[in-house]
Amino acid sequence: MFGQNREQLRQFYHDVWLKMQSSEAMSALEQSIAQVIKMHPEYHAVFEKKGHLEQEYFVEAGDTNPYLHMGLHLSLHEQISTDRPAGIRDVYQKLLTKTGDSHQTEHDMMECLAESLWQAQRDNQPPSETRYLDALNTLLT
């Protein structure tokens with residue numbers, strides 16, 4: 001969306017929040033972001049306060065980065081809609097049938113996505129679609 005500019009990306013989420021509050025027309029991307037924001041009322045306070053664009057979130061301190069979390073949802077939605085990596089849509093459908101809860105299904109899958117991205121960053125390699133799909137398939141057992 002915005003390359004490596006964290007503040008621009010975060011500001012985009014805030015702009016969508018403002019559009020949601022005033023019922024403004026939104027682009028398809030903005031509608032997708034609005035859907036994810038609606039799924040997470042625990043993050044709505046982030047959009048109510050100033051200063052969150054620069055805030056640091058440290059997992060070591062027990063922090064959850066709401067922007068990263070919502071971004072993983074958006075990434076997963078894109079993967080499922082395009083079926084890339086090939087087979088992810090089928091995994092999603094099967095896991096959804098198993099859990100009966102789309103939000104929980106996404107959270108389970110997002111753990112695999114985050115792990116895949118972390119491994120790629122650690123190894124200075126592109127993410128392995130094969131390892132990612134293997135991890136997702138373990139959720140079905």
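Predicted model: local features only at pLDDT ≥ 70, side-chain atom pairs only at ≥ 80, totals over all residues.
Residues are numbered from 1 along each chain as its sequence is written, and side-chain values use heavy atoms, with hydrogens and water left out.

A pocket is an open set of points on a 1 Å grid over the protein atoms alone, where a 1.4 Å probe fits and protein lies on both sides within 12 Å along at least five of seven lines; lining residues have an atom within 4 Å of a point. The largest pocket holds about 1,400 Å³ of space (the space filled by probe spheres set on the points, which are joined across faces, edges and corners). Its lining comprises 35 residues, of which Tyr67, Leu68, Gly71, Leu72 and Leu117 are the closest to the centre.

Helices (DSSP runs of H or I, at least four residues, numbered from the N terminus) contribute to this lining. At least two residues each come from H1 (6–22), H2 (28–39), H4 (66–82) and H6 (102–123), and H4 gives the most, with 10 residues. The lining has 16 nonpolar, 13 polar and 6 charged residues (nonpolar: Ala, Val, Leu, Ile, Met, Phe, Trp, Tyr, Cys and Pro; charged: Asp, Glu, Lys and Arg; polar: the others, Gly among them).

The second largest pocket has a volume of about 210 Å³. Residues of its lining include Ser75, Arg84, Leu117 and Tyr132. H4, H6 and H7 (129–138) each supply at least two lining residues, with H6 giving the most, 3 residues. By class, 5 are nonpolar, 4 polar and 2 charged.
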